[in-house]
Amino acid sequence: MSEITQVSDRVNKIRKPNSLVFPLYSDLHCRGIEAESTAGFVESLGNLCNAINPTAVINMGDNFAMLGREKHITNSELVKKYNELLGAVKQEINCPLLLMNGNHDAIGTDFYKADFWFNIVNGKYDDGLARRVDRKGYFYVDFDDVNTRLVFMSIPHDSDPYAEHPTPVWSFGEEQLEWFGKDALNTEYKVLLFSHVPFFYKYTGDMESKLSVWNGEKAAQSYISTLCGWIDDASAAAEIVKQKSNVIACFSGHVHIDFLREPYEVQGEHINYLPCKQVVTRNALGHSRDGSENLFEMAIDVMVFNPDSQEIDLIRFGDGNDRKVL
């Protein structure tokens with residue numbers, strides 16, 4: 001029995017007629033659509049979707065590796081690669097593709113600008129589901145028949161790529177937080193929240209080191225702390241979640257390891273500020289730090305959400321284990 005058949009059987013065992021089913025993947029970090037591993041991932045994702053007939057596929061960000069730092073790729077070349085990769089994914093799946101930005105989905109793959117990402121994804125892949133704010137990265141999707149809303153945050157929310165020491169802004173920002181409270185969570189629907197960077201994440205390495213970066217036009221130096229920090233206003237966003245009390249779980253990528261954090265859980269310097277569980281899906285493909293491809297098995301979570309019971313299960317295709325969220 002093939003792995004896809006096994007995953008399909010486990011999904012169908014818990015799936016109800018009104019369940020929402022979403023294959024989730026994050027941190028593909030591919031170095032070009034021509035890479036054998038990337039092509040294999042896209043094909044496998046398509047085969048999986050054909051087997052389970054999902055509601056939508058959710059891509060949680062960081063599609064490309066550091067093409068700016070490593071190859072000084074121009075912004076126009078980067079846009080072309082995005083169109084090739086996302087177009088190939090969309091062609092293989094039989095459902096909408098919901099796309100959120102990661103910290104590498106950016107100008108020069110280091111510096112996030114909302115309009116740059118907006119122009120890549122707006123109206124092209126989600127079959128009209130995403131209710132995006134004009135020129136911004138954040139949005140939500142409603143499934144009215146089951147009273148469920150998916151909310152997708154944008155982090156980092158903006159950058160100044162042309163400063164002497166360019167500094168991405170690792171925060172949601174006041175404008176996004178206002179939208180989050182007054183629009184995104186202003187609903188009677190139950191909410192599944194998505195943020196590429198987990199609310200509990202905090203970089204604990206050498207904050208004073210400098211790194212060579214690329215802003216799409218020229219090389220510069222930036223401090224590690226500005227590129228690998230934490231969400232400065234995570235606690236402010238969490239306060240909004242607490243006031244609304246309709247967010248039942250938050251899903252992320254970024255850290256390349258599977259995590260399941262309890263509400264308010266503290267582990268060392270890592271704090272889950274949220275009053276709900278925080279779930280992290282590891283990187284979809286493994287890559288070594290020297291730029292060569294490491295032949296890890298792929299990892300895709302298939303989320304099965306049963307709205308009536310509000311149960312959430314993650315069925316793993318590839319490397320890793322199934323997980324019960326709620």
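This is a predicted model: local features need pLDDT of at least 70, side-chain atom pairs count only at pLDDT 80 or more; totals for chains, interfaces and linings use all residues.
1. Phenylalanine 251 sits in strand E12; helices here (H or I, at least four residues) and strands (E, at least two) are DSSP runs, numbered from the N terminus. With a relative accessibility of 1%, phenylalanine 251 counts as buried, where buried means under 20% relative accessible area, exposed over 50%, and partly exposed in between (1.4 Å probe, protein chains only). Once neighbours within four places in sequence are set aside, the contacts of phenylalanine 251 include Leu24, Met60, Leu192, Phe194, Gln278, Met303 and Leu314; contact means heavy atoms within 4.5 Å.

2. Residues are numbered from 1 along each chain as its sequence is written, and side-chain values use heavy atoms, with hydrogens and water left out.

3. Overall, the protein has 8 helices and 19 strands. Its radius of gyration is 19 Å, close to the 20 Å that the globule rule gives for 326 residues, so the protein is as compact as a globular protein of that length; the radius is taken over C-alpha atoms, and the rule is 2.2 Å times the number of residues to the power 0.38. The C-alpha trace spans about 55 × 45 × 40 Å along its principal axes.

4. Of the 326 residues, 57% count as buried. Among contacts with a separation of 6 or more, 71% come from residues 24 or more positions apart. The accessible surface of the protein is about 13,200 Å², and 46% of that belongs to carbon and sulfur atoms; areas come from the Shrake-Rupley method with a 1.4 Å probe, and for residues only the protein chains shown count as cover.

5. Helix H5 (residues 114-121) is largely enclosed by the rest of the structure, because 6 of its 8 residues are buried. The buried ones are Ala114, Phe116, Trp117, Phe118, Ile120 and Val121. Their cover includes helix H4 (75-92), strand E3 (97-99) and strand E4 (131-132). Just after H5, glycine 123 has a positive phi of about 70 degrees.

6. The axes of H4 and H5 come within 10 Å and cross at roughly 40 degrees; axes are lines fitted to C-alpha atoms, for helices over the stretch in contact, with angles running from 0 to 180 degrees between N-to-C directions. On the H4 side, Asn75, Leu78, Val79, Tyr82, Asn83 and Leu86 meet Phe116, Trp117, Ile120 and Val121 of H5. Sorted by class, this contact has 8 nonpolar, 2 polar and no charged residues (Ala, Val, Leu, Ile, Met, Phe, Trp, Tyr, Cys and Pro count as nonpolar, Asp, Glu, Lys and Arg as charged, and the others, Gly among them, as polar).

7. Tryptophan 117 belongs to helix H5 and, at 0% relative accessibility, counts as buried. Not counting residues up to four places away in sequence, tryptophan 117 touches Asn63, Tyr82, Leu99, Met100, Asn101, Asp105, Tyr112 and Gly137. The C-alpha atoms of tryptophan 117 and lysine 136, 19 residues apart along the chain, are separated by 8.0 Å.

8. Arginine 132 is in strand E4 and counts as buried at 17% relative accessibility. Neighbours within four places aside, the contacts of arginine 132 include Phe118, Val121, Asn122, Asp126 and Tyr138. Between the C-alpha atoms of arginine 132 and proline 307 there are 24 Å, at a distance of 175 residues along the chain.

9. Two residues other than glycine have a positive phi and lie in loops. Asparagine 53, with phi near 50 degrees, is in the loop between helix H2 (36-52) and strand E2 (57-59). Serine 245, with a phi of about 60 degrees, is in the loop between helix H8 (234-244) and strand E12 (247-252). At 57% relative accessibility, serine 245 counts as exposed.

10. Serine 225 lies in helix H7 (residues 224-227). With a relative accessible area of 28%, serine 225 is partly exposed. The C-alpha atoms of serine 225 and methionine 207 are separated by 4.7 Å, although the two are 18 residues apart along the chain.
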